[in-house]
Amino acid sequence: MSCLARATPAVRAEAAANARAQTGARRRMCQPGSAHAALGGAPAGVAGARGRGASRGRLDVPSPECNAPLPAPRSRRGNPAVSTRNGATAPQADAVGQDAYNKAMAEYSKTPFEYRHELGLYYHFILPNLIVGTQPQTREDIDRLKDVEGVTCMFDTQQDKDKDYWKVDAGAIRDQMNKRGVLHVRQPFVDFNADSLRVGLPKAVAQMDKVLREGHVVYCHCTAGMGRSPGVAIGYLYWCLNFDSLDQAYDFLTSKRPCGPKKESIRAATVDMLRAREGALPDDIWDSQDPEGAAIDEYERWDIVTKLRRSLGDDPMTCVLSPLGQAKKMLGFELTADDCMPEH
């Protein structure tokens, strides 16, 4: 049985080569780049059998130095991931409030990207079962994510005041999720606050790892999908999958969704996780300097995964379910070892 995914040496070499190519492309202002990532996991001899690896296809990405428009996100079915509702049904954003929000975001993230509330949903697949995007604003947004993208879990990193700021009816959104059978997981962070991301990241990644192991298709969002939610997703990629470094996990996500989560917060949270007592999440923060925490070996990764899963009372050796196993779990059928991803 496999607890994490592992990449072959050939795939890992391809990921490293693509990461180098992407770095070169970003240095050539306004030239598109691409990246593929290797997914992997627990050290041999600790976790036992090996699991699956996966990567997504090419997505052209504008250099962060450019003020080019963001590329149109693509859905799993190949259609642009834009809301199908008409503007009359969307909560109306105050222009002054939106400008103030984007100014604060630019100062915090040091990126040129902006949030346009009136455009509705804007999202990207990071993994086949993990999407990062903007906040859902209407019942129709929940229907779209459920019906078009197969989302079964809404991973919400907003505070209540964030929804109030944008006049989003949170009660209606929750009601529609209940009606459509979409699990709602909340791990709120303070917007534009690097310390909040650092302190809350371990608990959030533990929850994300759990729902993904349970077979959910997860839509992870904050307000703009530019800071908190991609930060959690990068934490998951770095801690739970087989990326060689934080830079590699960060570049993998930002090659798919242009955004600017605080890398330093993720690095510092990694140090906190490594220094936490056995089988528990951090109860303190530690002074550290880059590059500590910027790269972890397979045993350090397994130590982090063990702490994440035990903090929720789960067995660290829980396998990654195959597609058939995921379907059986959702339908309530009994699972066996054959429902785990095979060794390869």
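This text walks through the structure, from the whole chain down to single residues.

The model is predicted, so local features need pLDDT of at least 70 and side-chain atom pairs count only at pLDDT 80 or more, while totals for chains, interfaces and linings use all residues. Residues are numbered from 1 along each chain as its sequence is written, and side-chain values use heavy atoms, with hydrogens and water left out.

Start with the whole chain. It has 11 helices and five strands. Helices (H or I, at least four residues) and strands (E, at least two) are DSSP runs, numbered from the N terminus. Of the 344 residues, 54% count as buried. Buried means under 20% relative accessible area, exposed means over 50%, and partly exposed lies in between (1.4 Å probe, protein chains only). The accessible surface of the chain comes to about 15,100 Å². Carbon and sulfur atoms hold 52% of that surface. These areas come from the Shrake-Rupley method with a 1.4 Å probe; for residues, only the protein chains shown count as cover. Now take contacts, meaning heavy atoms within 4.5 Å. Among those with a separation of 6 or more, 74% link residues 24 or more positions apart.

Next, the strands. Strand E5 covers residues 218-221. Strand E2 (residues 130-133) pairs with E5 in the parallel sense, over four bridges. Two strands pair if DSSP finds at least two bridges between them. Here valine 132 stands opposite cysteine 220 in E5. Strand E3 (residues 153-156) also pairs with E5 in the parallel sense, over four bridges. Aspartate 156 has histidine 221 as its bridge partner in E5.

Which way do the E5 residues point? Val218 and Cys220 point one way, Tyr219 and His221 the other. All four are buried. In a regular strand, side chains alternate between the two faces of the sheet.

Asp156 and His221 come up again at lysine 163, which is in contact with both. Lysine 163 lies in helix H4 (residues 160-165). Is lysine 163 buried or exposed? It counts as buried, because its relative accessibility is 9%. Beyond its neighbours within four places in sequence, its contacts also include Gln158, Val168 and Ala170.

Now the rings. The structure holds eight aromatic pairs. Rings of Phe, Tyr and Trp (its six-membered ring) pair if their centres lie within 6.5 Å; planes under 30 degrees apart count as stacked, over 60 as edge-to-face and the rest as tilted. Tyrosine 101 and tryptophan 166 form an edge-to-face pair, 5.2 Å centre to centre with 80 degrees between the planes. Tyrosine 101 lies in helix H2 (residues 95-109) and tryptophan 166 in the loop between H4 and helix H5 (170-180), so the pair ties together parts 65 residues apart in sequence. Both residues are buried. Tyrosine 165 also pairs edge-to-face with tryptophan 166, at 5.1 Å and 75 degrees. Tyrosine 165 is partly exposed, at 41% relative accessible area. Tyr101, Tyr165 and Trp166 belong to one aromatic cluster that also includes Tyr108, Tyr115 and Phe192.

Lysine 262 lies over tyrosine 108, at 5.0 Å from the ring centre. A charge sits over a ring if NZ of Lys or CZ of Arg is within 6 Å of the ring centre and within 35 degrees of the ring normal.

Finish at helix H9 (residues 263-275). Its buried residues, including Ile266, Ala269 and Met273, pack against helix H6 (194-213), helix H7 (228-240), helix H8 (246-256) and helix H10 (298-310).

Key:
Expected span 1.5 Å × (residues − 1).
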